[in-house]
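Student: Could you zoom in on one part of this model for me and walk through its side-chain contacts? I'd like the cut-offs along the way.

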Amino acid sequence: MQWGIDMRKADTTIKYVEPDSIAYEAGLEAGDKLLSINGHVFHDILEYRYLTAEYEVTLEVLKKDGTKEMITVENDYDDIGIEFNEELIDEAQSCKNKCIFCFIDQLPEGMRETVYFKDDDTRLSFLQGNYVTLTNLSDEEIDRLIKMRVSPINISVHATEPELRCMMLHNRFAGTCYETMRRFKENDIYMNCQVVLCPGINDGENLKRTLSDLGALYPNVNSISVVPVGLTRYRDGLYPLKPFTKETSAETIRFVEQIQNEFLEKYGTRLVYLSDEFYVDAMLPIPPAECYEGFPQLENGVGLIASMKEEFDSAINLVKQKKRSRHVSIATGEIAYGFIKDLAENIEAKCEGVMIDVYPIKNNFFGGGVSVSGLVCGCDIIESLKGRVKTDTLLIPDSMLRDDDNVFLDDTTVEDVEKELDVKITSVLNDGYEFIEKVLDEELEF
């Protein structure tokens with residue numbers, strides 16, 4: 001099986017073997033190198049997963065002492081317990097587009113190098129939920145994904161009209177996206193889709209066409225998110241884009257809700273969902289949790305508020321009535337401030353002796369057009385709260401932090417902020433149960 005991938009980029013050296021796994025029981029160790037699986041040379045993590053998805057798997061191994069072994073294992077159709085030096089084995093594919101709305105192009109200079117990497121790798125779409133444009137895929141690569149049954153694939157669509165998509169991605173090859181998606185449907189590959197909406201460009205009739213085209217691929221198109229373009233203050237020399245206003249956000253909500261109703265009648269599902277930002281900007285109520293049908297686009301900021309509220313409403317009933325002495329502070333993005341403030345007041349009303357200070361953090365690092373919590377930087381928290389925090393604990397959304405090293409997007413660390421504010425910072429997941437537990441500093445009993 002050859003896919004035309006450059007094997008020179010592949011590193012099949014084992015970094016870690018999970019204790020008590022199939023690989024561990026077979027005697028594989030960190031430093032060993034897998035040469036082939038069932039007689040096939042593999043080039044990336046997708047081929048590795050595909051080839052090991054058999055009941056009996058024969059591994060050709062170059063041991064770290066230089067000897068070769070053929071090892072046959074019986075697989076229970078689960079991962080055999082290996083991590084490689086490189087997560088994908090091959091190098092991650094970078095983006096070839098120059099999208100008019102690209103957020104990375106709107107970053108200031110001087111940030112850490114990894115922040116500027118634009119991935120557009122279908123393997124990361126499958127493994128981590130990243131969204132890809134499909135512009136990196138040759139016909140051979142499409143055949144490979146279909147053969148290996150890679151599903152679901154998360155696709156940044158933005159527009160299905162070929163010329164418009166080529167313009168938005170600034171790539172003359174970007175217009176074949178919908179054709180590729182039809183091939184995926186024909187081969188029973190499932191897809192989640194994203195539309196970054198830019199006022200005056202891919203909204204209105206263009207959005208209607210895009211959603212109609214994607215709806216025609218249901219059920220293989222499993223969900224569609226519509227999110228507003230994010231604009232920072234670092235846009236010199238970039239395509240002129242307009243931000244959404246209260247009025248245009250409300251217009252978009254009415255427009256998409258009409259299409260939701262049509263889809264609901266035709267397919268039995270709303271299929272398309274708007275990000276929370278539209279409702280907050282329009283000062284309209286967030287739809288209830290059932291309108292998000294299981295929250296298929298939560299990682300895209302779609303239904304975060306409704307999901308957390310549903311959990312909170314359940315969790316608050318588990319809080320025991322007793323007198324407490326607890327004073328805590330919360331920092332959040334401007335877009336979530338009203339919602340978090342309401343939750344805090346509900347806890348205060350339920351729990352005698354609890355005081356909660358909630359602070360909206362203005363995003364000066366990126367500019368006033370960015371208000372989501374996940375893009376708040378450490379310098380913004382310091383600037384907003386220096387000398388203001390009256391508690392010894394400050395809760396922040398976990399989405400503000402990057403990776404596992406307690407670092408904000410501007411490279412400020414949690415320790416830096418703690419030192420400047422003289423406060424202990426605790427991160428909280430977007431989870432109603434954990435929110436209450438961290439606020440009260442006690443575990444809920446189920």
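Tutor: Let's start with threonine 133, whose side chain makes a polar contact with that of aspartate 120 at 2.6 Å. A polar contact here is a pair of N or O atoms within 3.5 Å; within protein, one must be able to donate a hydrogen and the other to accept it, and residues adjacent in sequence count only if both atoms are side-chain atoms. Threonine 133 sits in the loop between helix H3 (122-128) and helix H4 (139-147), helices being DSSP runs of H or I with at least four residues and strands runs of E with at least two, numbered from the N terminus. With a relative accessible area of 7%, threonine 133 is buried (under 20% is buried, over 50% exposed, partly exposed in between; 1.4 Å probe, protein chains only).

Keep in mind that this is a predicted model: local features need pLDDT of at least 70, side-chain atom pairs count only at pLDDT 80 or more, and totals for chains, interfaces and linings use all residues. Residues are numbered from 1 along each chain as its sequence is written, and side-chain values use heavy atoms, with hydrogens and water left out.

Now for salt bridges, meaning a side-chain nitrogen of Lys or Arg within 4 Å of a carboxyl oxygen of Asp or Glu: the count is 17. One of them pairs glutamate 29 with lysine 63 (3.6 Å, N to O). Glutamate 29 lies in the loop between H1 and strand S2 (33-37), and lysine 63 in the loop between strand S3 (56-62) and strand S4 (68-74), so the pair ties together parts 34 residues apart in sequence. Glutamate 29 is partly exposed at 37%, while lysine 63 is buried at 11%.
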